[in-house]
Amino acid sequence: MLWLLVTGLSLRAQVVPLNECATPPKAAWINTLRQKVQEINNAPKHKATQLALIPVQFHLIVKADGSSALTIQQIRDEMDSVNAFYANANMSFYECSSPEIIYDDSLYNYEYTDEEPILLSQYYTNDVINIYFANNVSVGGTAVCGYSQFPPSMDYAVIAASCATNGSTLAHELGHYFGLYHTHGDISQGELVDGSNCTFDGDWICDTPADPILSSVNVNATCVYVGTAVDANFMPYAPDVSNIMSYSRKVCRTRFSPDQYGVINSTMQTERSNLYCPVVTAVKSYDKPMAQVFPNPGHDKIKISLDKTAAHAEVSLYNAIGKCIYSGHFTGNAFELTTAEFPAGIYFYNITIEGLSSKGKWIKSN
């Protein structure tokens, strides 16, 4: 079940915002996490000097007319913030390939239940972290900021536009991808304030204090915990409102703990060791022409209009089983393809404009 089921003692019950993280808890990961933490605590305390470069692929889902709530530059700015957080894990994220623009009105407001298979089958790159940005993200009709998956899993995260630039949601979801639970615990939530059960409750990491489930209700605008919840021993909570893996206010989340960094780095080297970019093809400038494909649905022709003149653009059209039925190139800011001979149905296009790939769905009507 994808949505986090929050249960626990009535003494610590809080109202959890519905637009938080929807990464599903994975009980099978607990033993691996506990082993990692034990190894971290037993290892000599020295910082590795070699920087690990982590390849990512951005996928920006826009409407068929090219409009979007996000820009590539905003996404890249947010990744700069993520890199600042992950520097203490000796990791740096970089773009392996240029961002993929997905023109699809139905995916623009993304529903996990119906549309995740589409993303992972049609817009997925192996051995890099695929980060999908949609206008809205929902799970069973409930709006969320985003989600990822604990290892072992495919390599991806999905982020809602409204949370994509808040400075902590993307870092939070990547924390799950690299093996971290929420500080309030995902499988059981009975960690005691004195830390006596921290190795087998809460987030299974002892340098993160017990967390009663933070929110804007018990963390004020100046990032101070104002809640009154107590644990099973009637000890008042003193949580870390700045921890990125908490449900604290987004602006308050600014740090991982040392043991969390250890888990992230260990998971990167083991369960996520497949990440690899053979050839970096990402362009440095994203001031490239954007494409509009119309009419959609259409019948006897496809028209492509660019908002700027392109020195070189390539167009490919694929049928529903993935066979390329047309491939060509053009220059300028407009192109027209005759499709009268193609049967009615669903097609997929790929437009590469000076290194920037745009993909989408085109429907031919009867």
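Buried means under 20% relative accessible area, exposed means over 50%, and partly exposed is anything in between (1.4 Å probe, protein chains only). Keep that handy for the tour. This is a predicted model, where local features need pLDDT of at least 70 and side-chain atom pairs count only at pLDDT 80 or more, while totals for chains, interfaces and linings use all residues. Residues are numbered from 1 along each chain as its sequence is written, and side-chain values use heavy atoms, with hydrogens and water left out.

**Stop 1**

Select Cys223 to start. At 29% relative accessibility, Cys223 counts as partly exposed. You'll find Cys223 in the loop between α5 and α6 (258-269). (Helices are DSSP runs of H or I with at least four residues, strands are runs of E with at least two, and both are numbered from the N terminus.) Phi of Cys223 is near 65 degrees, a positive value in a residue other than glycine.

Now jump to Asp127, in the loop between α4 (112-122) and β5 (129-134). Asp127 isn't a glycine either, yet has a positive phi of about 65 degrees. With 33% relative accessibility, Asp127 is partly exposed. Why point these out? Most residues other than glycine have a negative phi, and most peptide bonds are trans.

**Stop 2: two cis bonds**

Zoom in on the link from Pro151 to Pro152: this peptide bond is cis, with omega near -10 degrees. Pro152 sits in the loop between β8 (146-147) and β9 (156-160). Then pick Phe294 and Pro295, which are also joined by a cis peptide bond, with omega about -15 degrees. Pro295 belongs to the loop between β10 (291-294) and β11 (301-318).

**Stop 3: His176**

Is His176 buried or exposed? His176 is buried, with a relative accessible area of 0%. Show what lies around the residue: leaving aside neighbours within four places in sequence, His176 is in contact (heavy atoms within 4.5 Å) with residues including Cys21, Phe150, Pro151, Asp186 and Met245.

**Stop 4: α2 against α5**

To see the contact, select Glu78, Met79, Val82, Phe85 and Tyr86 of α2 along with Leu170, Ala171, Leu174 and Gly175 of α5.

**Stop 5: α1 against α6**

For another pair, show helix α1 (residues 30-42) with α6: the angle is about 115 degrees and the axes are 9 Å apart. That makes α1 roughly perpendicular to α6. Here Leu33, Lys36, Val37, Ile40 and Asn41 in α1 meet Asp259, Gly262, Val263, Ser266 and Thr267 in α6.

**Last stop: Asn350**

Finish in strand β13 (residues 345-353), where Asn350 lies. At 17% relative accessibility, Asn350 counts as buried. Not counting residues up to four places away in sequence, Asn350 touches Glu314, Val315, Ser316, Tyr318, Ser357, Ser358 and Lys359.

Note on methods: Axes are lines fitted to C-alpha atoms, for helices over the stretch in contact, and angles run from 0 to 180 degrees between N-to-C directions. Angles under 35 degrees count as roughly parallel, over 145 as roughly antiparallel, 65 to 115 as roughly perpendicular and the rest as oblique.
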